[in-house]
Amino acid sequence: MHVTILSRHRLLLATIAAWLGMSALGAIAQVGGLPTNVKHTDSSPEWEKLREKLFPGRSMESAASMVQLVVPLRAAYGASVPVRIVSKLPQSDNLYVKRITLLVDKNPSPVAAVLDLTRELGQADFETRLRVDEYSHIRVVSELSNGELHTDSRYVKVSGGCSAPPNRDQLHNIGKTFLKVPEGIKANEPAPVDLQIVHPNDTGFEMNQISLLYIPAHFVRSIKVSYAGRPLFDAELDFSISENPALRFNFIPGSGGEIKAEVVDSKEGRYVATLRVP
Amino acid sequence: MSRHFESLEAGAGGLATSRVKHGWTWRQLVAAGGFAACLAMPVQAGIPAPFAPVVIQPAGAPARAEFDLTAVLARARRENKWLYVYLGASDCPYCRKYEAFLEKNAVELVPHFSKYIVVDLRSSLSVTTDALFIKIADTSRPYVEFQKSIGDERTRNVVYPSVWLLDGKPKPLMQMPAGTGTFQTVAEQLEILRLEQ
């Protein structure tokens, strides 16, 4: 609670500063002065607490031999940091990635996503975009079907991601969900799918620049994706996912079927998209 | 206002001896004029001289601020160098902060800029996203279109200050962040110059 109040106070100041820049000038200025001498593999007090809470007493391999996180050191915007999770093993019957947890140590709500996966993915690689509120580690924890935990982390230098003024010109399209697969996919080989949802994914830390009131949190909290009636993955998400949440994942095309995405947001808005795959 | 100045005059021991219409003294007019001039004059702005910046002033005012990169790009190709393009605004506190950082650390930083031609685009905060244009040869593009044309992800509102690292084509050497707040230490500025991702 104490942390939450402090965070809100800091975010309030940052938001007011951003708003002043935006309203008077149509431009945003950035602030600096955050810790810089941090290694990608370092721990953090926040991570130590999260680890004990989420994975109590469990050992974790951090050699990046099974999972790798690809994130730029700096991104164009703190509100949209591209993140790629690369799994180093295929989803086989013998061994597969069962769960992926994506975290941002210093975000107001650090657990960005928990993905429960099936072998139907073929390859447990994911891409998305995250809000990052201040210089922080981003971490992935990959849980294999044999119970092993593997982790990788990257330190990123961005700020203001959770309080950045949101783009609100598509509210009339909220919930519209798109699925896309590239041309020329081959049967029985992992193929990428792009899923995107039109949604502000409001954090609750963004200020309405006209009313000066905080915009209540309203974000996509779960996505279930299936192919030909068989689950690919279930995702529990948080507002650390950027506005217009996007996921790239894999599936294995078979003899045809439908990819289906079922989306639920934090106000119980329910949205469905389907895509017929030949 | 007149009364206010009169009382100031009295407080100053009645030094002003001549009076103009509306109760203003010549001394008061000179003082007020000087104050107004100070307000109108932009604060000293721009990349510090030790970085040998190529200063580019905008054309097309007041409808637009168009910065022509044609000549510096040609020079970059000729000298086999990269461009460190800085967009600053004369009335932007964060720009002054970054420029002050560069000035303070110039001795240490300048040698690391040797492979770059530093380009200083002089704008103002009143130049918003739609009014900012970048010209290369015969093509002038508005900010967002220019960003898309070179594959830069910073396609929302223009942020002051901004930096581009470009080759002679021009293509970004790496994706830069909006603003300069994440490279205002010597170590971080060097990370940027080394293109550390």
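Colleague: Where in chain A is A:N201 placed?

Modeller: In the loop between β9 (residues 191–197) and β10 (220–227) of chain A. Keep in mind that this is a predicted model.

Colleague: Fine. What is phi of A:N201 near?

Modeller: Phi is near 45°. That is a positive value in a residue other than glycine.

Colleague: And is A:N201 buried or exposed?

Modeller: A:N201 counts as buried, because its relative accessibility is 0% and the cut-off for buried is under 20%.

Colleague: Which residue in chain B has a positive phi near 60°?

Modeller: B:L195, again a residue other than glycine. B:L195 lies in the segment after α7 of chain B.

Colleague: How accessible is B:L195?

Modeller: B:L195 has 21% relative accessibility, so it counts as partly exposed. The range for that class runs between the 20% cut-off for buried and the 50% cut-off for exposed.

Colleague: Back up to α7 itself. How many of the residues of α7 in chain B are buried?

Modeller: Seven of the eight, so the helix, residues 186–193, is largely enclosed by the rest of the structure.

Colleague: Which ones are they?

Modeller: B:V186, B:E188, B:Q189, B:L190, B:E191, B:I192 and B:L193 are buried.

Colleague: What covers them?

Modeller: The cover includes elements of chain B: strands β3 (82–89), β4 (116–123) and β7 (162–166), along with helices α4 (93–104) and α5 (106–109).

Colleague: How many residues apart along the chain are B:A71 and B:I136?

Modeller: They are 65 residues apart along the chain, and their C-alpha atoms are separated by 8.5 Å.

Colleague: Let's do chain A as a whole. How many helices and strands does chain A have?

Modeller: Two helices and 14 strands. Of the 278 residues in chain A, 49% are buried.

Colleague: What about the accessible surface of chain A?

Modeller: The total is about 12600 Å², and carbon and sulfur atoms account for 54% of that.

Colleague: And of the contacts between residues at least 6 apart in sequence, what share in chain A joins residues at least 24 apart?

Modeller: The share is 68%.

Colleague: How do the lining residues divide into nonpolar, polar and charged?

Modeller: The lining of the second largest pocket has 13 nonpolar, eight polar and nine charged residues.

Conventions: Residues numbered from 1 in each chain as written. Chains lettered and ligands numbered in written order. Predicted model: local features only at pLDDT ≥ 70, side-chain atom pairs only at ≥ 80, totals over all residues. Heavy atoms only, no water. Helix = DSSP H or I, 4+ residues; strand = E, 2+ residues; numbered from the N terminus. Buried < 20%, exposed > 50% of the residue type's maximum accessible area, 1.4 Å probe, protein only. Contact = heavy atoms within 4.5 Å. Areas by Shrake-Rupley, 256 points an atom, 1.4 Å probe, with all protein chains shown as cover. Nonpolar A, V, L, I, M, F, W, Y, C, P; charged D, E, K, R; others polar.
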